[in-house]
Amino acid sequence: MNRYFPRLAATAAVAVLALTLTACSGDAAPDTPALSHIHGLGLRGDTLYVATHQGLHTPGADGRPVLVGDRRDDFMGFTVTARGDFLASGHPAPGSDGPADLGLIASTDSGRTWRERSLAGKVDFHALDTASDATVYGYDSARGLLRVSADGVAWEERASLRALDIAVSPAAPGTVLATTETGVVRSTDGGRTFAPASERVLAYVSWAAPDALFGIDPDGVLFRGTDGGASWTRVAPVPGGAPQALTAVDARRLLVATQDGAYESRDGGRRFDRRMAVESGEH
């Protein structure tokens, strides 16, 4: 999976993805007045939750971010499970007590409070996803390692790879996609081994249902995937600049974060409306 595909035309996009792969945000100013970067998106009921460099937020009536709870941690990895629980990882807010890496933390009250599940002080997951059997997949970016857990407590180390995002098949818990600098790679053995699936260079992927596999490239163009990620069809550009996160809810409803906010589509990605505004920022 370290193979380089010389036919790729998106050389600049690959460079952008390479820079993103090396980025890690652990230096937020404690008094940052506005949100500068989004790392994850999710829904519980019809409420949008936005995991950011400065805590978890929901959009207010005016589209401005409203902090959930009182934690302003840098939530890097974030996902909402099928049960509606929140899983997250990242770094504590500057000045907070505790280790520099959160490990895996969980919330059962929509992010108002969090509890430690595992790996505190050891791992900062930059991508999290769960399978239909509740298996948790986490990408440990510092070590370039995929970790897998049946319960979120005991973890197995699986493949080493250089990736930005992961997505687990909703129909096959052992099938996982990962975005890399040379294209999308796929595992069918629970992340133990990966092989090239497509030369399409994507930054983020999300797989909500068998017919709801989506990816967004480093330029902010949305694609729809088929054949388990082997083929990708262009849908449309997403507004707002470079992408920062992607979550597919179903085949028609999508959540995308770009440089100026969180957007939602209800027609499969052809049109997006901004749900929450943020200031442009970097990792």
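The chain contains 1 helix and 24 strands; both are DSSP runs numbered from the N terminus, with helices being H or I of at least four residues and strands being E of at least two. Before going further, please keep in mind that this is a predicted model, in which local features need pLDDT of at least 70, side-chain atom pairs count only at pLDDT 80 or more, and totals for chains, interfaces and linings use all residues. Residues are numbered from 1 along each chain as its sequence is written, and side-chain values use heavy atoms, with hydrogens and water left out.

Of the 283 residues in the chain, 57% are buried (under 20% relative accessible area, with exposed over 50% and partly exposed in between, using a 1.4 Å probe and protein chains only). Among contacts (heavy atoms within 4.5 Å) with a separation of 6 or more, 42% are between residues 24 or more positions apart. The accessible surface, from the Shrake-Rupley method with a 1.4 Å probe, is about 12,000 Å², and carbon and sulfur atoms contribute 47% of that.

Now find the open sheet of 4 strands, ordered β21-β22-β23-β24 with antiparallel pairing; strands pair if DSSP finds at least two bridges between them. Its edges are β21 and β24 (273-277), each of which pairs on one side only. Between β21 and β22, which run antiparallel, there are 5 bridges. One example is Pro243, whose bridge partner in β22 is Thr258.

What about the charges? Side chains of opposite charge can pair when their charged atoms come close. The structure has 15 salt bridges, each a side-chain nitrogen of Lys or Arg within 4 Å of a carboxyl oxygen of Asp or Glu. In one of them, Glu264 meets Arg253, with the closest N and O atoms 2.5 Å apart. Glu264 sits in strand β23 (residues 261-265) and Arg253 in the loop between β21 (243-248) and β22 (254-258), so this pair ties together parts that are 11 residues apart in sequence. Glu264 is buried at 6% relative accessibility, and Arg253 is buried too, at 12%.

Glu264 also forms a salt bridge with Arg266, at 3.3 Å between the closest N and O atoms. Another salt bridge joins Arg271 to Asp273 (3.4 Å, N to O). Here Arg271 is exposed at 56% relative accessibility, while Asp273 is partly exposed at 39%. Finally, salt bridges with shared partners link Asp46, Arg253, Glu264, Arg266 and Arg275 into one network.
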